[in-house]
Amino acid sequence: MERFLARGEDVPDGAPREADIQADDVSDIIFTSGTTGLPKGAMLTHGASTRTYAAWSDTVGLRHGDRYLVVYPFFHCAGLKSGILACILTGATVVPCPIFDVGTVMTLVERERISMLPGPPTLFQSLLNADLGDTDRSTLRLAVTGAAVVRWSWCGKCATGSGSPRWSPVTA
């Protein structure tokens, strides 16, 4: 370990390296399941990622000061891009949730004053099916879901717990 750490002492300050990064440079490679063909690695660039998630953040309403409960793993594109990158671009705070559990999520929502809660429809269905008691959800301002079709009536129940829709669907 000491040898490994010592190697870092010869690395120059980050500023010159940052200046060498261009918008068209590959930032990461995500691997697809091959839904539209064979599985493959898709190369994403810094510029495309920042433009996409700046637009995504604007579309969903993520803003400076939001507290974003990231339930996605950071190795997944959703955790990396719509979680970490979107928060860096907007100045929102990342609050990691290492394992989804209704009780853990609701404790974090209340304790950390979460304003943004993303997740697949099954996450929100789990919340709807749970007894949330008197958990304070007053800070929740945004919820984003995807990966499956969601009924409008279901959105309203998620928003208020009663079925009175206060959300509007956005397709991006």
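Start by selecting Asp28: leaving aside residues up to four places away in sequence, Asp28 touches Ala42, Met43, Leu44, Ser49, Leu80 and Lys81 (contact means heavy atoms within 4.5 Å). Residues are numbered from 1 along each chain as its sequence is written, and side-chain values use heavy atoms, without hydrogens and water. This is a predicted model, where local features need pLDDT of at least 70, side-chain atom pairs count only at pLDDT 80 or more, and totals for chains, interfaces and linings use all residues; pLDDT is the predictor's confidence in each residue, from 0 to 100.

Asp28 sits in strand 1, residues 26-31 (strands are DSSP runs of E, at least two residues, and helices runs of H or I, at least four, numbered from the N terminus). At 16% relative accessibility, Asp28 is buried (buried is under 20% relative accessible area, exposed over 50%, partly exposed in between, with a 1.4 Å probe and protein chains only).

Next, pick Arg141 and Asp66, a salt bridge with closest N and O atoms 2.5 Å apart (a side-chain nitrogen of Lys or Arg within 4 Å of a carboxyl oxygen of Asp or Glu). The partners lie 75 residues apart. Is each one buried or exposed? Arg141 is partly exposed at 31%, while Asp66 is buried at 3%.

Now select Glu112, which forms salt bridges with Arg67 (2.8 Å) and with Arg111 (3.4 Å). Shared partners join Arg67, Arg111 and Glu112 into one network.

Finally, show helix 6, residues 121-129, where Pro121, Leu123, Phe124 and Leu127 are buried. The face turned away from that buried side carries exposed Thr122 and Asn129.
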